[in-house]
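The report that follows is meant for a reader meeting this structure for the first time, and it moves from a single residue to the packing of larger elements.

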Amino acid sequence: MRWSVGVEVRAGAFDLNATIEGGGAPVLLIGPNGSGKTTLLRVIAGAYQPTSGRIRVGDRILYDSSQRISLAPEKRRVGYVPQGYGLFPHLTVVENVAFGLAARRPKPPRTDRLNTAAKVLEQIGCGHLSRRLPPTLSGGEKQRVALARALLPEPDLLLLDEPLAAMDTAARRRFRGYLARHLAERDTPAIVVTHDVRDVRALGQPTVYALEAGRVVQRGSPEDLAARPATDFLSEFFSAPTSTSS
């Protein structure tokens, strides 16, 4: 499924003007802190209103300022895993995962939602966590639960904002491989924000977009950007160690 995003966002002194697009393979967003990566994901998810532009996923228009179209977040069919995971601390793991199904119309019965969520947790090796509360989970466990919740409604587009940042070294290494396999097996397009070159290397042959100061400064394969970096940030990013120890 093809998708495209071209938006302009003005928030105080910050100005984001970016165009990105992709298909089945993951798209990675990299850039310094404050470059607009998280803002762009929030705009796509519908959590932040852009000034102008257009967002299309497949044949559906999620946002178009010229046509005055702006779908509510729950109608966009976008799975969003923010930094910090966004899990409800007072709900069990299975209830958190089932929450994503509540927006379906007609709304499935609660028992059906919980049964479906339990099956998904089993599929990702987290069935034993079903009755636990999020504060009792490790970073890697929280991330898998958040990913399961985002994927359960079968979104047309998956947004992951630094999915490995809060994990320790061992968990990061394990989940990097899990995420790469999961995205390869599913046909769900994904946009992944990362600050780690190892994440880029692990996801096969993604298209990489580099954002700086709210603008796309370069796009291409990891090999292209590593060989001909357009900015100092990109030169430093792709020269970072890629040891498998973390």
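Apart from neighbours within four places in sequence, Thr 92 is in contact (heavy atoms within 4.5 Å) with Ser 130, Arg 131, Arg 132 and Leu 133. Thr 92 lies in the loop between β7 (78-81) and α2 (93-98), where helices (H or I, at least four residues) and strands (E, at least two) are DSSP runs numbered from the N terminus. With a relative accessible area of 15%, Thr 92 is buried, a term that means under 20% relative accessible area, with exposed over 50% and partly exposed in between (1.4 Å probe, protein chains only).

This is a predicted model, in which local features need pLDDT of at least 70 and side-chain atom pairs count only at pLDDT 80 or more, while totals for chains, interfaces and linings use all residues. Residues are numbered from 1 along each chain as its sequence is written, and side-chain values use heavy atoms, with hydrogens and water left out.

Five strands form an open sheet in the order β2-β1-β4-β5-β6, with antiparallel pairing; two strands pair if DSSP finds at least two bridges between them. The edge strands, each of which pairs on one side only, are β2 and β6. Strand β5 pairs with β6 in the antiparallel sense over two bridges, and Tyr 63 stands opposite Ser 70 in β6.

| Edge strand | Residues |
|---|---|
| β2 | residues 14-22 |
| β6 | residues 69-70 |
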